[in-house]
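Visitor: Hi, I have a structure open here and would like a quick tour. Can you walk me through it?

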Amino acid sequence: MVAVTNELTEITVIGDDSTGIVAQFTTLLFERGINIEDVDQAVRDGLFRMTTTVDTSDMVCTEEKLREDLQELGDELGVDVQVRFPADRETQQIAVLVTKESHCLEALFEAWTNDELGADISVVIGNHDDLEPLAEQYGVPFYDVGDEKGTPDEDELLDLLAEYDADLIVLARYMRILSPNVVFRYEDRIINIHPSLLPAFPGARAYEQAIQEGVRIAGVTAHYVTTDLDQGPIITQRACDVHDDDTREDLKQRGQPLEADALLEAVRLHLNNDLSVHRGRTSLREDAGRYQLGLTSAASRANPDRPVDGLGDVLSEQGESAEVTTETDDD
């Protein structure tokens, strides 16, 4: 899928799967002189999603008129339509989803107050109210959309995301799975932090899985959220050693600072438009800034760089040449 840049408009259509939706929307765009850069569509559990990336610079109608026409067609077909013009993203809005752990939210708030994000944290939404005092400390609205067991009301969640015009959703240790109804509406705009080096140990209790499997190196992964659990495009990773006597709590304590660091870097990559996503993989753009992404430079330097496959053959050939020369001299 073509990444949305500051020059392109993104149109997302969500609704029940039915025949002809793609054709009707693309025809509407063509008739208004709009160039389609990319169309990506998917169906999950009977829910249809189409994301269209377009160039509206030469369209023959106003932005307001295009919104009205798209909404009218959406109402006719019984689908929801979201339109994000370039100007809508001049100051990006972040919605942070949380449960009870505070470390990732704290890192985001600290970067925001230090003007290191280039975007605003407009709302914090939890499925418990434990972190409401932290949000209040930074003057950010907090909403608890969970019931007594922490099960979120996704209709309320979607209403809040729309109300606060979220450009990016950050799952700062949000311990619930988002349904396709949420994920499809924010394709490539939801970032999660998972406490393992994905694709190893997806799902719940990842630190415990690492202990049980006896790995020597564990870590964390920031990735885009898709409808497949913990299988979205990987953005950044951090690693740490696992000691013989480590408990789950030991590893969790060692991993939490890495979670905050990897998540914050992933958010910056996204907000700075330094990342592209293609066929389930992310890559840095040519003019991207400097990022860690994985190991630190010091850790990379500490890795051995020899032997490398092939050098042995070269040395062997040199040795054979020397032997031939010696035999010739003896003759």
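Guide: We'll take the sheet, the helices and then some single residues. Keep in mind that this is a predicted model.

Visitor: Fine. In what order do the four strands of the open sheet come?

Guide: The order is 2-3-1-4. The pairing is antiparallel.

Visitor: Which strands stand at the edges?

Guide: Strand 2 and strand 4, residues 79-84, do. Each has a single partner strand, so one side of each is left without a neighbour in the sheet.

Visitor: How much are neighbouring strands turned against each other?

Guide: By 15° on average, with direction ignored.

Visitor: Let's look at strand 3. Where is it, and how many of its residues are buried?

Guide: Strand 3 covers residues 47-55. Eight of its nine residues are buried, so the strand is mostly covered.

Visitor: How many bridges join strand 1 to it?

Guide: Eight bridges join strand 1, residues 9-16, to strand 3. These two strands run antiparallel.

Visitor: Give me a pair to find. What stands opposite I11?

Guide: Look for T52 in strand 3.

Visitor: And strand 2, how many bridges does that make with strand 3?

Guide: Nine bridges, again in the antiparallel sense. Strand 2 spans residues 35-44.

Visitor: Which residues of strand 3 partner V43, A42 and D40?

Guide: V43 has F48 as its bridge partner. A42 stands opposite R49. D40 is bridged to T51.

Visitor: Where do the side chains of a strand point?

Guide: In a regular strand they alternate between the two faces of the sheet.

Visitor: How many residues lie between strand 2 and strand 3 in their hairpin?

Guide: Two residues lie between the strands. In this hairpin D45 takes a positive phi near 55°.

Visitor: OK, helices. What does helix 1 lie across?

Guide: Helix 1, residues 21-31, lies across strand 1, strand 2, strand 3 and strand 4. The helix runs at about 20° to strand 3.

Visitor: Which strands does helix 2 touch?

Guide: Helix 2, residues 63-77, packs on the sheet and touches strand 1 and strand 4. The direction of helix 2 makes about 160° with that of strand 4.

Visitor: Further along the chain now. At what angle do helix 7 and helix 8 pack?

Guide: At about 125°, with their axes 9 Å apart. Helix 7 is residues 206-213 and helix 8 is residues 248-271.

Visitor: What do you call that arrangement of helix 7 and helix 8?

Guide: The two helices, helix 7 and helix 8, are oblique to each other. Their crossing is right-handed.

Visitor: Which residues make the contact?

Guide: Helix 7 gives Y207, E208, A210 and I211. Helix 8 gives R248, L251, K252, G255, Q256 and E259. The contact residues divide into four nonpolar, two polar and four charged.

Visitor: Which residues does the cis bond at P199 join?

Guide: A cis peptide bond joins L198 and P199, with omega about 10°. P199 sits in the loop between strand 9, residues 190-194, and helix 7.

Visitor: What about R306 and P307, cis or trans?

Guide: The bond from R306 to P307 is cis, with omega near 0°. P307 lies in the loop between helix 9, residues 297-302, and helix 10, residues 311-330.

Visitor: Back to phi. What is the value for N273?

Guide: Phi of N273 is near 55°, which is positive, and N273 is not a glycine. You'll find N273 in the loop between helix 8 and strand 12, residues 275-278. N273 counts as partly exposed, because its relative accessibility is 25%.

Visitor: And R279, buried or exposed?

Guide: Exposed, with a relative accessible area of 76%. R279 has a positive phi of about 50° although it is not a glycine. Look in the loop between strand 12 and strand 13, residues 281-284.

Visitor: Last one, S122. Why does it count as buried?

Guide: Because its relative accessibility is 11%, and buried means under 20%. S122 is in strand 6, residues 119-126.

Visitor: Which residues does S122 touch?

Guide: Leaving out residues up to four places away in sequence, S122 touches Q93, I94, V140, P141 and Y164.

Definitions and conventions: Residues are numbered from 1 along each chain as its sequence is written. This is a predicted model: local features need pLDDT of at least 70, side-chain atom pairs count only at pLDDT 80 or more; totals for chains, interfaces and linings use all residues. Side-chain values use heavy atoms; hydrogens and water are left out. Buried means under 20% relative accessible area, exposed over 50%, partly exposed in between (1.4 Å probe, protein chains only). Two strands pair if DSSP finds at least two bridges between them. Axes are lines fitted to C-alpha atoms, for helices over the stretch in contact, and angles run from 0 to 180 degrees between N-to-C directions. Contact means heavy atoms within 4.5 Å. Angles under 35 degrees count as roughly parallel, over 145 as roughly antiparallel, 65 to 115 as roughly perpendicular and the rest as oblique. A crossing is left-handed if the near helix is turned anticlockwise from the far one by less than a right angle, and right-handed if clockwise. Ala, Val, Leu, Ile, Met, Phe, Trp, Tyr, Cys and Pro count as nonpolar, Asp, Glu, Lys and Arg as charged, and the others, Gly among them, as polar.
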